[in-house]
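Please keep the sequence and the structure open beside this briefing while you read.

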Amino acid sequence: MSLLIKDLHVSVVTETGDKPILRGVNLEIRPGEVHAIMGPNGSGKSTLAYSLAGHPKYTITSGAILLDGVDLVGMSVDERARQGLFLAMQYPVEIPGVSVANFLRTAKHAIDGQAPALRTWVKQVNQSLADMALDKEFAARSVNEGFSGGEKKRHEIVQLHLLNPRYAILDETDSGLDIDALRVVSEGVNRYAEAGDRGLLLITHYTRILRYIKPDFVHVFVDGQIVEQGDASLAERLEETGYEAWLGGSDAN
Amino acid sequence: MSGIEYLSITTVDTEPRTLMPFDHLSVYAKPNSAATLRLLYPGSGRFNGEVEIDLAEGARLTIISIQDWRPEAVAQLRYRINIGKDAELRHAVITLQGQWIQHETAVTYTGPGGRAELLGVYFAGAGQHLQHSVYIDHNQPNTTSLVDYRGALQGENARSSWVGEVSIRPEGIGTDTYESNKNLILSDGCRVDAVPNLEIETGEVRRAGHSATAGRFDDEQLFYLMSRGISPAEARRLVVQGFFASILARIGDSEDWMERINASVVLGV
Ligand SMILES: Nc1ncnc2c1ncn2[C@@H]1O[C@H](COP(=O)(O)OP(=O)(O)OP(=O)(O)O)[C@@H](O)[C@H]1O
Ligand SMILES: [Mg+2]
């Protein structure tokens with residue numbers, strides 16, 4: 001059982017042709033583990049996240065993604081989600097006219113394969129919103145429309161809670177959060193991970209979130225590859241040294 | 001002022017016919033009255049109709065014109081509306097299908113302070129040409145017009161033409177007007193023409209603006225919904241529903257026309 005990424009090569013589809021971004025990513029996330037990925041801007045972290053989720057803009061040119069042994073590569077975006085994969089996005093998308101309540105119910109129904117029990121569901125939604133310090137009125141608002149940057153991120157964690165996937169990727173969920181929101185979101189993520197059998201991949205630029213959410217592994221991501229792995233102390237070292245040491249070496253390919 | 005009356009008229013019979021009927025209807029809204037009138041246009045064949053509406057001082061009238069034609073129908077429909085002093089009109093057009101449909105709404109004001117809200121919802125399927133035009137003549141002081149038409153197109157040669165002509169006369173000081181036409185293109189082979197036009201003959205307006213857009217389905221929205229396990233068909237339905245949601249809420253009709261629009265969309269997915 002794991003989310004296994006094997007020698008993943010990915011190109012992004014652009015107007016001028018395909019542009020290779022990921023150059024052989026290897027990573028295994030087992031249930032109960034927390035992994036953090038840190039790396040410079042443009043190194044391909046979001047590309048990795050989107051490729052796992054199946055975004056059509058990215059083409060997997062070689063490699064494999066196995067979720068508990070099931071190959072995700074040929075699957076559509078929604079099938080991957082129903083297999084138990086969740087992506088909290090760096091830039092959550094606005095969907096005018098679709099209420100959060102309707103969206104959450106539709107997603108829950110799709111993931112579980114059956115409609116959520118009416119009586120408990122509304123309570124759960126309200127509880128999850130409250131946990132993320134979002135007012136009840138958010139349920140009636142359009143998905144992400146007019147949400148502040150921080151509210152969008154907290155709404156992603158509301159979904160994480162309600163959909164309760166086996167594996168979750170959080171792409172810079174901590175960016176743009178104020179100090180209180182960071183704590184609220186971190187506690188939310190920890191509550192999700194608390195079950196002990198969930199796999200978590202945190203993409204982040206800052207060690208501050210790692211003070212709340214303790215990673216078992218830290219990976220340094222440079223130029224489409226993982227160039228170094230270590231435990232939580234690696235993040236602290238990065239804070240001091242930056243990515244200098246690896247950036248020079250990446251010219252080799 | 002009396003209570004709100006609700007009147008529903010089916011103007012043509014539902015059987016296909018080949019002749020060209022001409023239908024003329026006059027509506028007079030008494031001073032300070034309030035009413036909702038729903039006009040239903042079903043059936044097939046050729047149809048040519050005109051509706052004349054007079055709102056007296058302080059009247060509040062909602063007109064809902066529902067064009068639920070058969071796909072082969074050809075129809076031409078004109079609404080001529082006079083809005084009295086401080087009267088309020090809400091006019092909503094829902095055009096679900098038809099081979100060639102021309103729907104025209106012309107508004108003038110017979111006293112100051114009148115207000116017109118003109119709403120439109122349409123769905124053009126393959127080979128259907130839906131034409132909507134709106135003419136507003138701000139010929140009195142302090143009048144308001146808000147125009148919001150939204151349509152979805154799907155299928156080969158689905159076509160929408162939209163014209164919005166707003167004139168602000170020298171007498172139309174203090175006019176507040178905004179017209180908008182938004183189109184959601186759901187497949188290849190559709191065509192959208194939108195011509196918003198604004199003619200201003202006075203310097204003292206409160207607001208005068210217009211916009212027209214035609215956009216394809218947003219793939220990022222689709223991706224976001226699908227990444228939560230929602231199937232592509234369901235995701236499309238949600239986005240289309242969302243596109244029409246605010247305008248349908250403003251029309252506020254009790255009938256489930258949204259369901260019909262959804263059904264049309266799902267058919268084509
Ligand atoms: N549509 C595109 N066309 C051209 N280049 C693209 C496109 N999409 C992504 N890229 C490039 O791919 C590279 C990786 O982008 P990605 O968003 O994965 O980086 P990231 O590591 O998440 O960065 P950040 O830390 O800023 O979020 C970047 O150089 C980016 O410019
Ligand atoms: Mg990124």
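This is a predicted model: local features need pLDDT of at least 70, side-chain atom pairs count only at pLDDT 80 or more; totals for chains, interfaces and linings use all residues.

The notes begin with helices of chain A, where helix α5 (residues 149-163) packs with helix α4 (residues 118-131), and where the axes of α5(A) and helix α6 (residues 179-193) come within 10 Å.

**Helices α4 and α5 of chain A**

- Helix α4 and helix α5 of chain A pack at an angle of about 140 degrees, and their axes are 9 Å apart.
- Because angles over 145 degrees would count as roughly antiparallel and those from 65 to 115 as roughly perpendicular, α4(A) is described as oblique to α5(A).
- The crossing in which α4(A) passes α5(A) is right-handed.
- On the side of α4(A), the contact is made by A:Trp121, A:Gln124, A:Val125, A:Ser128 and A:Leu129, while α5(A) contributes A:Val158, A:His161 and A:Leu162.
- Sorted by class, the residues of this contact between α4(A) and α5(A) are five nonpolar and three polar ones, with no charged residues.

**A:Leu162, a residue of that contact**

- A:Leu162 lies in helix α5 of chain A, and it is buried, with a relative accessible area of 3%.
- When neighbours within four places in sequence are left aside, A:Leu162 is in contact with A:Leu104, A:Lys108, A:Trp121, A:Gln124, A:Val125 and A:Ser128.

**Helices α5 and α6 of chain A**

- The axes of α5(A) and α6(A) come within 10 Å and cross at roughly 15 degrees.
- Since angles under 35 degrees count as roughly parallel, α5(A) and α6(A) are roughly parallel to each other.
- The crossing in which α5(A) passes α6(A) is left-handed.
- From α5(A), the contact involves A:Arg154, A:Ile157, A:Leu160 and A:His161, and from α6(A) it involves A:Ala181, A:Val185, A:Gly188, A:Val189, A:Arg191 and A:Tyr192.
- By class, this contact of α5(A) with α6(A) has six nonpolar, two polar and two charged residues.

**Nonpolar cores**

- The largest nonpolar core has 106 residues, and within it A:Leu48 and A:Leu200 are the residues with the most contacts.
- Helix α2 (residues 232-251) of chain B provides the largest share of this core, namely nine residues.
- Another core, of 41 residues, lies apart from the largest one, and B:Tyr79, B:Ile81, B:Tyr122 and B:Ala158 are among its members.
- If residues up to four places away in sequence are not counted, A:Leu48 touches A:Ile5, A:Leu8, A:Leu22, A:Val25, A:Ile37 and A:Phe221.

**Chain B as a whole**

- Chain B contains three helices and 15 strands, and buried residues make up 55% of its 269 residues.
- Of the contacts in chain B with a separation of 6 or more, 87% are accounted for by residues 24 or more positions apart.
- B:Ala214 lies in strand β15 (residues 207-216) of chain B, and it is partly exposed, with a relative accessible area of 48%.
- Leaving aside neighbours within four places in sequence, B:Ala214 is in contact with B:Asn183, B:Ile185 and B:Val192.
- The C-alpha atoms of B:Ala214 and B:Leu153 are separated by 10.0 Å, and these two residues are 61 residues apart along the chain.

**Residues in loops**

- A:Thr207 is found in the loop between β10 (199-203) and β11 (217-222) of chain A, and it is buried, with a relative accessible area of 1%.
- Apart from neighbours within four places in sequence, A:Thr207 is in contact with A:Met38, A:Ala235, A:Glu236 and A:Glu239.
- Most residues other than glycine have a negative phi.
- A:Ala133, in the loop between α4 and β8 (142-143) of chain A, has a positive phi of about 55 degrees although it is not a glycine.
- B:Asp86, in the loop between β6 (74-83) and β7 (88-97) of chain B, is also a residue other than glycine with a positive phi, here near 55 degrees.
- With a relative accessibility of 42%, B:Asp86 counts as partly exposed.

Conventions. Residues are numbered from 1 along each chain as its sequence is written. Chains are lettered from A and ligands numbered from 1 in the order in which they are written. Side-chain values use heavy atoms; hydrogens and water are left out. Axes are lines fitted to C-alpha atoms, for helices over the stretch in contact, and angles run from 0 to 180 degrees between N-to-C directions. Helices (H or I, at least four residues) and strands (E, at least two) are DSSP runs, numbered from the N terminus. A crossing is left-handed if the near helix is turned anticlockwise from the far one by less than a right angle, and right-handed if clockwise. Contact means heavy atoms within 4.5 Å. Ala, Val, Leu, Ile, Met, Phe, Trp, Tyr, Cys and Pro count as nonpolar, Asp, Glu, Lys and Arg as charged, and the others, Gly among them, as polar. A nonpolar core is a set of buried Ala, Val, Leu, Ile, Met, Phe, Trp, Tyr and Cys residues joined through side-chain atoms within 4.5 Å. Buried means under 20% relative accessible area, exposed over 50%, partly exposed in between (1.4 Å probe, protein chains only).
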